[in-house]
Every structure is written in C-alpha cells, then in structure tokens.
Amino acid sequence: MHASLTRQTVPWEAVLVLDGADPGRVPGTIANDPRVRVLALPRPVGAACARNLGLNEVQTEFVNWADDDDAFHDWSLGVRLAAFTDRLGWVAGYSEDWLPDGTTRRWECPAPPGFHDAGDVVTYWPLPQDTIPIGPTTILARTRLVRAAGGMGGLVQGEDYMAAVGVTALAPGVLLPLPVYKYRKHEGQMTQGAAYDDLELAARRHAHAFGHALRTTFVAARAA
C-alpha cells in the first residue's frame, strides 16, 4: 500500500492505524515517511473501531480508507480528485482482484458507472446476501461526509459495508468505469479465516438495513 501511495500523481497524507500491534514492527521506509502518521492503539479493538479512531486524525478534505495489504493504481487518487465538483460528495471506481500469480481480475460492482443521486447506490443491493453495490475501498469521499455517515459503524467484519452505504446515502457521487484499487488475494486475508462465514450474513443484514433505512427516511423527507 505504501509503495503504491508513493506513485500517486497528487499530494497525499496517510494515517496508519495499528490495531494493538507493536509500532516497532512498522518498516523504516514507512515510519520515516513524513506523510505517514502512525496511530498505535494500546490494545486490539477490531477493524471498525480502529478505523473510526483513525478517522479522528484525518486532516485532509478527502479520505479513502484502505487495507495495508492492498494497493492503489498509480492514477487512483488523481483521477478521482479531478472528477469532483462542488455538488459531489464522493467519487468511486472499480476494484481488481490481485491474484497470487501477479495477474489481476476486474470486479465491476452492481451499481452502474455514472452519476448517482444520494441514496441510489443501495438500490443495487436488493438482498443482504447479494453482491454489495459498490466497492467500499474504491470510494474517495469528503471527510466531513464520512464522519456524518458514522464512519465504519461497529461491526466485527464487513464494517466497510456500513461506510459505503452511509456515504452514498448522504450525498450524490460518481462511479468511474475504471479500476482504482487492487484487492490482494492471499491466504492471510480475514475473508480466508475459518470463522469468517459465521457472522458474514449477519453483518450484511445490518449494513443492508442501515442503507435502505437511510434511503427510505430521505425519500420520505423529500416528499413531505
């Protein structure tokens, strides 16, 4: 992830949140990069809480959450920043599965490319067990919007589902038809864990209900 950030075409800052890990394990090339601020939590709190605490430290106008084992395409931040207008709260793209042999496989989310009004994205997620409507880590959003959406919620997994449906429910955005994020597939992924499936549907049900409830509330308010 850090190496891909150094290849971006626009200035960036990063908050590296250590979920109870020893700060001494951070590689020197990262620890000594002035653009990276390390937030070392005193004990493990889980991905949702760790990311929410990291959001407290964000000082930039825009934010994109990401996993340390993945990567951004070189054009990722620049092309999405260039697509922003005053009207938009977020700009997203496609993700690619980054396979162990080094090849990539594009994942095109159910939401179609183009403009989406506030609340429209979740309509492409009809049932909790269906494919999520948009790639959460492909979303570059205004930081104040992510905070207004409640950040990552508090799920033990699938926390970025909450952020994705919350952000896209509160403001209009654009989905660009090009890949901006590489999701590295490897045996150490959380999604490869033996217990991952135990709570996945429950997490999806919570995020799905959250997104659809937000949309219903706003649609009713606009009609009043």
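A residue is termed buried when its relative accessible area is under 20%. In the predicted model examined here, helix α7 has the following buried residues: Tyr196, Glu200, Ala203, Arg204, Ala207, His208, Gly211 and Leu214. An α-helix has 3.6 residues a turn, so residues three or four places apart point the same way. The cover over the buried residues of α7 includes helix α6.

The protein as a whole contains 7 helices and 9 strands. For a chain of 224 residues, a compact globule would have a radius of gyration near 17 Å, and the value computed for the protein, 17 Å, agrees with this. Along the principal axes, the C-alpha atoms occupy a box of roughly 55 × 40 × 35 Å. Of the 224 residues, 46% are buried. Among contacts with a separation of 6 or more, 74% are made by residues 24 or more positions apart.

The largest nonpolar core has 23 residues, and the members that touch the most others are Trp90, Ile134, Ile139, Val146, Val167 and Leu175. Two or more residues are given to this core by each of α3 (47-55), β5 (90-98), α5 (143-148) and α6 (159-170). Another core, of 19 residues, lies apart from the largest one and includes Phe72, Leu77, Leu140 and Val174.

Strand β9 (residues 173-184) pairs with several strands. With β5, strand β9 runs parallel, and 8 bridges join the two. With strand β4 (residues 71-72), the pairing is antiparallel and rests on 2 bridges. Strand β7 (residues 114-116) is likewise joined to β9 in the antiparallel sense, through 3 bridges. Individual partners can be assigned within these pairings. Lysine 182 of β9 is the bridge partner of alanine 71, and lysine 182 is also the bridge partner of glutamate 96. Glycine 173 of β9 stands opposite histidine 116. In a regular strand the side chains alternate between the two faces of the sheet.

Two individual residues were examined further. Aspartate 97 belongs to strand β5. Its relative accessibility is 13%, and aspartate 97 therefore counts as buried, the cut-off being under 20%. Beyond its neighbours within four places in sequence, aspartate 97 is in contact with Thr103, Thr104, Arg105, Tyr183 and Lys185.

Methionine 152 is located in the loop between α5 and α6. With a relative accessible area of 4%, methionine 152 is buried. When residues up to four places away in sequence are set aside, methionine 152 touches Ala48, Arg51, Asn52, Trp65, Glu159, Asp160, Met162 and Ala163. One of these residues, tryptophan 65, is 87 residues from methionine 152 along the chain, yet their C-alpha atoms are separated by 9.9 Å.

Methods:
Residues numbered from 1 in each chain as written. Predicted model: local features only at pLDDT ≥ 70, side-chain atom pairs only at ≥ 80, totals over all residues. Heavy atoms only, no water. Core = buried A, V, L, I, M, F, W, Y, C linked by side-chain atoms within 4.5 Å. Buried < 20%, exposed > 50% of the residue type's maximum accessible area, 1.4 Å probe, protein only. Helix = DSSP H or I, 4+ residues; strand = E, 2+ residues; numbered from the N terminus. Pairing = 2+ DSSP bridges. Rg over C-alpha atoms; globule rule 2.2 N^0.38 Å. Contact = heavy atoms within 4.5 Å.
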